[in-house]
Amino acid sequence: MEFPDVLASNQATLYGVLLAGALIFLGLLMRPKSKNLPPVVRTIPVIGGLLKFLNGPVQMAREEYDRLGPVFTCKVLTRNITFLIGPEVSENFFKAPEAEMSQKEVYKFNVPTFGPDVVFAVDYPIRVEQYRFFMEALKVSRLKGYVDAMVEEAQEFTAKWGDEGEVDLKAELEHLIILTASRCLLGIEVRRHLFGEVSELIYDLDQGMVPISVLFPYLPIAVHRKRDKARKRLEEIFGGVIEKRKKSGVQENDMLQSFIDSKYKADGRPTTHSECTGLLIAALFGGQHTSSITSSWMGAYLMNKPSVLAQAQQEQLEMIKKHGEELNHDVICNMDYLARIMKETLRMHPPLVMLLRYAHKDFDVECNGKTYTVPKGHVTAVSPSVAGRLPLVYPNPDNFDPDRYIPGREEDKKAGAFSYIPFGGGRHGCLGETFAYMQIRTIYSVMLRNFEFELVGDFPEVEWNALVVGPKGPIKTKYRRRKLSQADVKTDLLPQSTL
Ligand code: HEM
């Protein structure tokens, strides 16, 4: 069949149009899908994000959560930080394998403090082995002995207080936490003979971590030089202790011993002096400020909430009735109410206000019916402070209520796996959580049984301007020594179920 010319030329045009259409369609199919990036925090260009961030990352994250929802990006100079707020969206952060979401890039500023051969300085397979050393050092059979040492330290420490007086509870607890940590982690030699020098060196390490260290950890400034000298001297001290123990054949029950005895599975080699020192420093840094801040807030709440105090005292009386005056691991494990007070304290005041990872791959997050793609190269952040006060997860979030966690309510679980994150979670959840619960319950058990306390002045405010966030200023406290008895408990404040 022949087409008239005009039709033939039209047909050619038609084929041409169809072909072009097909190519465009194919092109659309082949082209990478345009990504639906998370909304961006609106700021003035270049330095706006930095200023907002430096002004208070938690306050910023709270405001932007209300404005933009659970997923949003803040541009801080050349970095994109994408926040994932709440259990609905934080799963990726906690569960992704290290190859997709890693810690090293964002936490490597710790390397000069911890040392060149541990944690964020080493490749992931070695780090995993070192985390195994931590787990071994903190397992229940060891914790039992640590608790005996904690009880001894807490009793010895409070025995030095007078019959009544006024103290800064924050400073006292800071001191007591370092004493118990030194004894259980660093060992009896340091606690008994080297405590003065070692605590000064640890102080220098601590002072060597200033905000600028996060960006430039090797900047030649005085505090960094002092930090490096302290790290070196600590290695000499621990090297000496390790050699003495090895020669004498004495085996202690502490974290140091556990690190000395640890061997890498990959090649069977034992740990070096420098690795043992670095791991001990990492444990102290993980546990010192976090635990002392938590115990300070907890004291402030106990003094500020008479009904909570009454219930905590009642629990102690019940323990005494059941177990006598004996305080040990098993008795302390039974103090559920004290544990819930600590848990609630941490929900309201997590010392680590922001946890970070580096995204090595694009990943998708679904929220409010939308899917956002967080691009490779973004720093991702979750905030225990913001997550702990989400009204959808914790009704009436600013109210201190230790019973949120009792069976039937379980607000920490109802909204999903990562609703409660003061200890992180998933792949890198805190390895010292049980230790911290034992340490802080031991201290309060000793204090509640032997003293009454009263807060002088107002409830403390938050010191946001710190890497590890705690109460601002001293917590002035009046105390009076007495043996806890039923007469001390305000029974009219107790719930019916406890009577
Ligand atoms: C109230 C006290 C404590 C709090 C609130 C706390 C909080 C945390 C948080 C939030 C993380 C996760 C960090 C992240 O995901 O980036 C973490 C990890 C860790 N914590 Fe704690 N911590 C406490 C006490 C301790 C103690 C006492 C120790 C050791 C004795 C310790 C050792 C560690 C270690 C080794 C890790 C790293 C785990 C990993 O990356 O796999 N922590 N802690």
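Predicted model: local features only at pLDDT ≥ 70, side-chain atom pairs only at ≥ 80, totals over all residues.
How close do the axes of α14 and helix α17 come, and at what angle do they cross?

1. The axes of helix α14 and helix α17, the latter spanning residues 336-348, come within 9 Å and cross at roughly 110°. Since angles of 65 to 115 degrees count as roughly perpendicular, α14 and α17 are therefore described as roughly perpendicular to each other. On the α14 side the contact is made by T294, W297, M298 and Y301, and on the α17 side by I341, M342, T345 and L346.

2. When neighbours within four places in sequence are left aside, L280 is in contact with L185, L186, F238, M255, L256 and F259. As general background, nonpolar side chains in soluble globular proteins tend to be buried together.

3. Strand β1 covers residues 71-76, and because five of its six residues are buried, the strand is largely enclosed by the rest of the structure. Six bridges join β1 to strand β2 (residues 79-84), and the two strands run antiparallel; within this pairing, K75 stands opposite N80 in β2. Together β1 and β2 form a hairpin with two residues between them, and L77 in the turn has a positive phi of about 50°.

4. An open sheet is formed by three strands in the order β4-β12-β9, with antiparallel pairing. The edges are taken by β4 (164-168) and β9 (451-455), each of which has a single partner strand, so that one side of each is left without a neighbour in the sheet. Neighbouring strands of this sheet are turned by 25° against each other on average, with direction ignored.

5. Within that sheet, five bridges join β9 to strand β12 (residues 476-481), the two running antiparallel, and the bridge partner of E452 in β12 is R480. Helix α9 (residues 169-186) packs on the sheet, where α9 touches β4 and β12, and the direction of α9 makes about 80° with that of β4.

Conventions: Residues numbered from 1 in each chain as written. Pairing = 2+ DSSP bridges. Helix = DSSP H or I, 4+ residues; strand = E, 2+ residues; numbered from the N terminus. Axes fitted to C-alpha atoms, helices over the stretch in contact; angles between N-to-C directions. Contact = placed C-beta atoms within 7 Å. Buried ≥ 20, exposed ≤ 12 C-beta atoms within 10 Å, placed from the backbone. Parallel < 35°, antiparallel > 145°, perpendicular 65-115°, else oblique.
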